[in-house]
Amino acid sequence: MAAYLDREQAGSEQVPAADNPPAPPELTALAHAHGVDTGYDTGSGPVQVGARTLTAVLAALGVDAGTPELAAAALERHRAQRAARLLPPTVVAWQGRRTVLDLPAGAEVRIELERGGEIRESTGGQPHPLPADLPPGRHLLTVRADGRTARAALLAAPPRIPEPTGRSWGFLAQLYSVLSEQSWGMGDLADLAELARWAGAELGAGFLQINPLHAGMPGTPSDPSPYRPSSRRFADPVHLRIEALPEYTRHEEAPDLARRARLLREEVLEHDALIDRDAVWSLKRRALELLHTVPRGVGREAAYRAFVRREGEWLERHALWNALAEVHGAGWHAWPKGLRHPANPQVAAARAELKDRVEFHRWLAWLVDEQLHAAQRAATDAGMPLGLIHDLAVGVHPDGADAWVLQDVLAAGISTGAPPDAFNAHGQDWGLPPWRPDALAEAGYAPFAELIRASARHAGAIRIDHVMGLFRLWWVPEGARPTEGTYVRYDAEAMLAVLALEAHRAGTAVIGEDLGTVEPGVRERLAEHGVLGTSVLWFERDWRAGGAVLPPERWRPGCLATLTTHDLPSTAARLSGEHVGLRHHLGLLARPLAEEQEAAAAELADWQRELVRIGLLAEGEPPTPEALYAYLLATPAKLVGVWLPDTVGDPRPQNLPGTWDQYPNWRLPVADATGTPRTLDDLAAAPGTAGIAATLAPLAPVPAGHADRRTPPGGAV
């Protein structure tokens with residue numbers, strides 16, 4: 001799971017009973033009726049959720065439970081409404097499975113198909129089966145009975161998400177950290193395309209998984225984390241390669257822009273500076289303001305207008321929010337009252353007043369979309385079966401564009417996070433507003449569908465951060481400690497149906513980040529629908545056998561297998577033990593340094609013995625990155641991911657959970673073992689790159705008409 005701003009408070013493990021007393025029966029029953037859990041297990045035993053927490057969470061769901069009398073009345077209303085309704089707000093029909101509706105005898109059923117046409121039926125006295133041959137799509141279901149009419153979104157979804165064909169390996173990269181000699185101080189979309197061309201054509205990589213490219217919050221200093229964006233629906237123009245725009249060469253200031261860009265690049269590559277996203281965006285924004293004045297050719301104008309039509313109101317509102325943020329600041333909760341909701345008449349007036357700025361931000365979105373398309377095309381043209389794997393963050397910044405646009409389906413006064421566990425006794429507050437499950441259902445899950453659709457548009461697969469959020473999320477009321485939260489349930493059947501439908505339409509695979517606390521049955525449900533999991537070597541243990549290393553043949557095949565992620569120590573640090581020293585230096589260890597070092601050494605010894613056992617190391621030989629990646633190759637994992645900095649022995653993590661300004665999270669360029677930044681060309685020439693690629697060569701796809709590069713000379717694998 002991606003790490004976010006950790007709002008821990010010392011001494012918050014215990015909640016005083018008087019501050020959050022036990023919930024009375026009426027409140028407990030009401031919470032259960034609305035999908036709010038009243039207890040959880042930390043691994044050390046069950047914990048009951050207090051009344052204050054349940055009351056606050058129910059209030060965010062629009063339910064007043066401030067007193068036992070109000071809770072009882074709310075429960076009675078809820079039961080009456082459920083009994084009186086003909087249909088739930090959304091109905092799911094899996095193709096190939098029998099779906100029945102419990103309807104009164106004589107009810108009239110009408111299904112308006114998404115692509116035109118309709119189906120009409122009447123019920124008998126039994127549960128009414130929906131047609132078994134419904135085409136995949138978002139249909140409209142209408143039922144009339146006993147003088148009542150009910151409508152619901154009908155999601156007809158294929159039972160399984162498209163999966164990758166065959167096995168393959170690929171790189172895991174943080175795009176901002178991968179600079180070339182043409183970058184403007186951070187990696188960009190042209191660098192992404194170049195990385196994909198090289199990795200696919202030269203190394204036989206089948207995919208390239210990158211960090212979220214979501215639009216960040218405007219203003220300075222900005223939050224460099226890609227996991228707390230302003231919008232997940234649109235990508236950030238900071239990733240643009242300015243020189244790739246046709247208008248660039250036609251502007252007289254191009255030489256000066258190039259000179260200033262070179263200085264930004266040299267600061268990082270030659271003077272060991274951190275990546276300065278704000279400085280990069282300041283220069284790119286200046287360039288884009290200038291290029292926006294250059295007339296577009298008729299062909300580009302037509303392409304732009306087609307993009308605007310395709311994106312519709314989603315684009316209009318995103319562009320408008322950005323224009324308003326330029327005037328009133330990024331925190332829309334503090335805007336003039338009439339501008340705080342996109343449906344207000346004052347917002348329509350502001351749109352007219354700011355039409356030029358709205359147009360500018362629409363144009364930026366189009367430019368990014370074009371370069372994303374070009375990067376995916378470069379990947380597939382290089383022979384990658386999947387190409388790009390885009391990362392979908394678990395939520396958005398509460399003051400950002402998406403939170404403004406989607407405020408009717410997000411829970412106000414609530415933040416998502418994680419409960420206390422063995423690694424974090426204080427719990428976590430990520431500062432991200434969650435979906436309201438009731439409002440999402442009433443909207444037919446259209447906002448979630450649009451998010452998946454946009455993420456999959458230029459991808460061979462999407463990775464869903466904290467995929468367990470399709471089932472439940474930890475809600476922390478505003479002003480409460482992370483320990484004072486509770487789980488809120490989502491309709492996993494509907495969420496999975498949306499995911500399957502949109503992935504089917506796009507032809508994309510889906511990878512779920514299912515690390516950490518996972519409720520029993522969740523991984524099985526995800527696998528049932530074709531969602532691949534995430535398996536990190538160091539965590540693959542047989543806990544029923546005392547935590548022994550899990551042999552490769554017992555790994556699940558439906559996963560992306562890796563040695564590390566952006567939130568974990570690099571392979572070089574694991575092998576040297578340097579990760580323990582770093583965490584000790586920053587005061588992050590839960591145990592004395594000597595104990596942590598002993599545990600790390602024991603862990604490494606376990607894996608050394610396992611590598612020797614299966615013949616990947618000689619007795620007494622220390623583990624190497626190549627041996628560890630060979631171990632992943634020995635598993636049945638569908639995909640094997642190589643952390644790009646492993647190719648040059650970079651020991652530093654890109655993000656260190658539990659830190660904010662104590663560590664340069666999300667600002668490090670890829671560097672070698674000495675900390676010297678390395679360009680994309682350096683990575684391509686590095687011996688470590690060749691070694692790892694050779695190790696994983698059996699997974700490389702074989703282009704039509706080419707020799708089988710998966711078999712080395714002599715025929716040995």
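Mentor: Let's begin with threonine 534, which, once residues up to four places away in sequence are set aside, touches Ile511, Gly512, Glu513, Asp514, Leu515, Arg556, Cys559 and Leu560, where contact means heavy atoms within 4.5 Å. Keep in mind that this is a predicted model, in which local features need pLDDT of at least 70 and side-chain atom pairs count only at pLDDT 80 or more, while totals for chains, interfaces and linings use all residues. Residues are numbered from 1 along each chain as its sequence is written, and side-chain values use heavy atoms, with hydrogens and water left out.

Trainee: Where is threonine 534 found? And is it buried or exposed?

Mentor: Threonine 534 is found in strand S21, residues 533-536; helices (H or I, at least four residues) and strands (E, at least two) are DSSP runs, numbered from the N terminus. Its relative accessible area is 5%, so threonine 534 is buried, a word that stands for under 20% relative accessible area, with exposed for over 50% and partly exposed in between (1.4 Å probe, protein chains only).

Trainee: What does the side chain of threonine 534 reach?

Mentor: The side chain of threonine 534 reaches the backbone oxygen of glycine 512 at 2.9 Å. That is a polar contact, meaning a pair of N or O atoms within 3.5 Å; within protein, one must be able to donate a hydrogen and the other to accept it, and residues adjacent in sequence count only if both atoms are side-chain atoms.

Trainee: Which residues does threonine 123 touch?

Mentor: Not counting residues up to four places away in sequence, threonine 123 touches Leu103, Pro104, Ala105, Gly106, Ala107, Val109 and His128.

Trainee: Stepping back, how many helices and strands are there in the protein chain?

Mentor: The protein chain has 20 helices and 25 strands, and of its 717 residues 56% count as buried. Its C-alpha atoms fill a box of roughly 75 × 70 × 55 Å, taken along the principal axes. Among contacts with a separation of 6 or more, 73% are between residues 24 or more positions apart.

Trainee: Which residues is alanine 152 in contact with?

Mentor: Leaving aside neighbours within four places in sequence, alanine 152 is in contact with Leu87, Pro88, Pro89, Thr90, Val91, His139, Leu140 and Leu141. Alanine 152 has its place in strand S9, residues 148-157, and is buried, with a relative accessible area of 2%.

Trainee: And what about alanine 693, where is its place?

Mentor: Alanine 693 is in helix H20, residues 687-695, and it counts as buried because its relative accessibility is 8%. Neighbours within four places in sequence aside, alanine 693 is in contact with Trp169 and Leu203. Alanine 693 and glycine 66 are 627 residues apart in sequence and 61 Å apart in space, C-alpha to C-alpha.

Trainee: Now the backbone: which residues does a cis peptide bond join?

Mentor: A cis peptide bond joins threonine 220 and proline 221, with omega at about -10 degrees, and proline 221 is in the loop between strand S12 (214-215) and strand S13 (231-235). Tyrosine 445, although not a glycine, has a positive phi of about 60 degrees. Histidine 466, another residue other than glycine, also has a positive phi, near 50 degrees.

Trainee: Where are those two, tyrosine 445 and histidine 466?

Mentor: Tyrosine 445 is in the loop between helix H11 (437-442) and helix H12 (446-456), and is buried at a relative accessible area of 3%. Histidine 466 lies in the loop between strand S17 (461-464) and strand S18 (472-477), and at 12% relative accessibility it counts as buried.

Trainee: How many residues of H12 are buried?

Mentor: Nine of its 11 residues are buried, so H12 is mostly covered; among them are Pro447, Phe448, Leu451 and Ile452.
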